Amino acid sequence: KALKRLLITGASGGLGRVASARLGHLAEHIRLSDVMPLPYTPPSQAEFVQCNLADADGVMKLVEGCDGIVHLGGISTERKFSEILDANILGMRNLYEAARAHGMPRIFFGSSNHVTGFYPQDEHVDLNSPYRPDGLYAVSKCFGEALARFYFDKFGQETAMVRIGSCFEEPTDYRMLATWLSYDDFVALVERVFDVPRLGCPVIWGVSDNSRAWWTNETATYIGWKPRDSADRWEATLKAQGKWPDPEHPLAKWQGGNNTQDPIVKED
Ligand code: NAI
Ligand code: 15L
């Protein structure tokens, strides 16, 4: 096995569950972590450590002994800024400080397509396109990418900044015909990230081979990841189900879809 101990944060969430079930072969030991208890029984070689990413001392201990991290923990939708601040901003800082103190394990960072959510769908976005975040959640992912890049430039910390599209079992709306990332393609991408001899700090669009996709990965081909799935085969079904929005609907207009319409969530 390439790794001794792989840490998976956000293990109680949707993607964390997939990662826990399907990435065990990457390491001798798996350390799962989340602020919430695990809603499933962990695989036999895995341990679970409950930890809030905002707790710097806790995160420091969490990372100790790990030589790889799949960082999926954090707020994943538009929420109160205080929650985003704790999980996605302080949490990233705490994780990277812990990584720096513990031998700089390679990191797969679950960034988001929403960093460019305010591009219209008829515009092609590449790895050099400026950020156009579509909410405070998206802004926190821009912060995360900037932090990861800084730790690479200053200390050589390697990170794959993966702008995940829509990683769910199946595409369930019109927009996901462009943004869908299958679980199989997600797993294969994580495998490549921990296998490639030199990773550096690339941005990678986490998207399957969908004809409608707006993003391409030209400058990250050295990773050797080729998505095999495609959302195309769901097009007819979604049409038949009447899930075809008006062209002015945010799901058909903006790359970030409905997130562009979310209000700023008030603090209590
Ligand atoms: P999720 O919301 O199901 O899981 C996130 C997990 O992080 C949850 O279990 C939650 O308890 C945990 N968490 C939240 N705040 C925390 C804190 N302060 N300390 C420790 N843990 C905390 O999200 P999902 O779908 O599994 O996504 C995983 C990651 O990938 C997230 O960072 C998300 O932003 C990112 N992502 C996911 C996409 C998707 O399509 N599933 C698309 C783009 C990005
Ligand atoms: C994300 O960043 C979210 O975490 C996820 O819940 C989906 O909304 C996804 O993007 C998407 O754009 O479909």
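Two strands count as paired if DSSP finds at least two bridges between them. In this predicted model, strand 6 (residues 159-164) has such pairings with strand 5 (residues 106-112) and with strand 7 (residues 203-206).

| Strand joined to strand 6 | Bridges | Direction |
|---|---|---|
| Strand 5 (residues 106-112) | Six bridges | Parallel |
| Strand 7 (residues 203-206) | Four bridges | Parallel |

Strand 5, helix 4 (residues 136-155) and strand 6 form a β-α-β unit that is right-handed.

Six of the six residues of strand 6 are buried, so the strand is largely enclosed by the rest of the structure. In a regular strand, side chains alternate between the two faces of the sheet. Here one side carries Thr 159, Met 161 and Arg 163, and the other carries Ala 160, Val 162 and Ile 164, all of them buried.

Helix 2 (residues 56-63) has Val 59, Leu 62 and Val 63 buried. Viewed down the helix axis, these buried residues fall within an arc of 85°, so they line one face of helix 2. An α-helix has 3.6 residues a turn, so residues three or four places apart point the same way. The buried residues of helix 2 pack against strand 1 (3-9), strand 2 (27-34), strand 3 (46-50) and helix 3 (81-101). Just after helix 2, Gly 65 adopts a positive phi of about 85°.

Around ligand 2 are Ser 76, Thr 77, Ser 112, Asn 113, His 114, Ser 166 and Thr 179. By class, this shell has seven polar residues, with no nonpolar and no charged ones.

How values were computed: Residues numbered from 1 in each chain as written. Chains lettered and ligands numbered in written order. Predicted model: local features only at pLDDT ≥ 70, side-chain atom pairs only at ≥ 80, totals over all residues. Near = placed C-beta within 6 Å. Nonpolar A, V, L, I, M, F, W, Y, C, P; charged D, E, K, R; others polar. Buried ≥ 20, exposed ≤ 12 C-beta atoms within 10 Å, placed from the backbone. Helix = DSSP H or I, 4+ residues; strand = E, 2+ residues; numbered from the N terminus. Arc of directions from axis to C-beta. Contact = placed C-beta atoms within 7 Å. Right-handed = clockwise from strand over helix to strand, strands pointing away.
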